[in-house]
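I opened this entry to keep track of what I looked up, item by item. The sequence and the model come first, and my notes follow.

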Amino acid sequence: MLGAATAASGPARFVRFSEARSILTELAGRLPPGLDTLPPAQLEAAWPRWIERRDREIRARLDQGDEDTIVNWALFGTTFTSKPRAVLGAVEAGTADDRELVLRRTIELISARVDDLLTALASPGSDERRLFARAFLQRRGLRFATAADRDAARMYLSAAIIRVASEQDQIDQELGATSSGNPLTEFIERSRLFRTRGLSLDTSLIPNYSVQQALAAMKARGLLEPGSVRRVAIVGPGLDFADKDVGFDFYPPQTLQPFAVLDALKRLGLSPAPAGPEIVLLDISPRIIAHVTQARARASRNIGYTVNLPLPRSSAWLPETRAYWQTFGDQIGAPVQMRPSPAIAELAEFRGVRVRPSAVQRMSVSNLNIVTQRLDGEPFDLVIATNVFIYYDVLEQALAMSNVEAMLKPGAFLLANFSAPNLMSITIRPVETTTTSYARGRAGNDSVVDFIVWYKAHAIAQ
């Protein structure tokens, strides 16, 4: 079909020992269990079993990430309860000097929200979020029919909420230890912040503004020529289910970055006309793979994809950020009317875009673990990975960077918002960093910023 994306380059394969040898040599003495005690002569024999085991371990982290998402939804969601969202300040009015009372009321609020969620899960109807959460809990042996069933489910979710809160406290402590007053220095220090957490699919629109800014700067520098970006990979595109800041859940789960990238490339004239680039999504999540596959199937029947674009009122967005939000999608679709409830409208402004079926069909999806696997075949002009590499340790990040470089054309770029390990064995190198401010911070003078590093693949003879 005209405008449809071609299939991905073939099935993913595991990284070979010869492709990882230089990284393992440089990290000798710092390798993980299973490799750390082996003499060099035995590493090659052990490698195939180790890389397959690490692949399974990384994929297993999806379950914890899904549980984190359900916790966030329980705390912030609005469609299953009339209770206030469990955010800072929700129960503090009139009790600023009584921390014990604040704590007790917060616990009561969270408990009430969990009860309402369990009631919703008992009769989920066709709601996609409820069906997902119900199935997740059922795989853990939980049920919803009797009072005893609900008590067990309540205990499970309460324990999960405590775990997430404890992990967040540890992260806050680590963030405090790296605070230096220099945002770029802190960015470098925090580039492996979530290395022990579950792999989360949560996503939102605004970080894609920093990607567009980086692409615009690269075009201005002559590093990307008009019409030159024909094939793009997006690692971990994400699924907007219930984010950690707002948790809107009145629209269906959606993916945003594939459309944001396509929109930006067309806006900047970097993609070939008229069809635009082929966009290959690389992910290990069955939820992402199923979501994109279903969207492509609907597009083949000439059904577009609706993107919902809430802009939370709680942030002091800069005019440039607001302009990005207001124009998002005009290269790939048309505006649609959004009618949120009055309560939701108090929390955010809203836009919607109906993406054309031809744009959806520019996308394909491949089940690939960027740490342990790579694709052979036609290389990419550009790879984008935001909020992905921070979930991995030094060895995993080094392997992932090597895999990205192997899938890029010589001299092509990876855009990522993390600082790669400083290893000689990583031959894809940073050449520039784009700093993008989104909003004014709570202090009034500081800003909410993001950094996109331009990593250039080494140029090799053709």
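**Ground rules.** I am working with a predicted model, in which local features need pLDDT of at least 70 and side-chain atom pairs count only at pLDDT 80 or more, while totals for chains, interfaces and linings use all residues. Residues are numbered from 1 along each chain as its sequence is written, and side-chain values use heavy atoms, with hydrogens and water left out.

**Salt bridges.** I took a salt bridge to be a side-chain nitrogen of Lys or Arg within 4 Å of a carboxyl oxygen of Asp or Glu, and the structure holds 24 of them. I looked up glutamate 19, whose side chain meets that of arginine 374 at 3.5 Å, N to O. This pair links distant parts of the chain, since glutamate 19 is in helix H1 (residues 17-26) and arginine 374 is in strand E9 (residues 373-374), 355 residues apart; helices (H or I, at least four residues) and strands (E, at least two) are DSSP runs numbered from the N terminus. Both glutamate 19 and arginine 374 are buried, where buried means under 20% relative accessible area, exposed over 50%, and partly exposed in between (1.4 Å probe, protein chains only).

I next noted a salt bridge between glutamate 67 and arginine 163, at 2.9 Å from N to O. Glutamate 67 lies in helix H2 (residues 40-76) and arginine 163 in helix H5 (residues 147-178), so the pair ties together parts that are 96 residues apart in sequence. Is glutamate 67 buried or exposed? At 13% relative accessibility glutamate 67 counts as buried, whereas arginine 163 is partly exposed at 21%.

I found leucine 399 in helix H13, buried with a relative accessible area of 1%. Leaving aside neighbours within four places in sequence, leucine 399 is in contact (heavy atoms within 4.5 Å) with residues including Ala20, Trp47 and Ile370.

I then turned to nonpolar cores, meaning sets of buried Ala, Val, Leu, Ile, Met, Phe, Trp, Tyr and Cys residues joined through side-chain atoms within 4.5 Å. Of the 107 residues in the largest core, Trp47, Leu215 and Leu414 touch the most other members. A second, separate core of 27 residues includes Phe76, Ala86, Phe132 and Phe136.

**Helix H10.** Which residues of helix H10 (residues 319-327) are buried? I listed Thr321, Tyr324 and Trp325. Seen down the axis of H10, these buried residues fall within an arc of 95°, so they line one face of the helix; the arc is that of the directions from the helix axis to the C-beta atoms. Glutamine 212, in helix H7, touches Tyr324, among other residues.

**Aromatic rings.** Rings of Phe, Tyr and Trp (its six-membered ring) pair if their centres lie within 6.5 Å, with planes under 30 degrees apart counted as stacked, over 60 as edge-to-face and the rest as tilted. By this rule I have 18 aromatic pairs. Phenylalanine 389 and phenylalanine 418 are stacked, at 4.5 Å centre to centre and 15° between the planes, and both residues are buried. I also noted that Trp73, Phe80, Phe132, Phe136 and Phe241 form one aromatic cluster.
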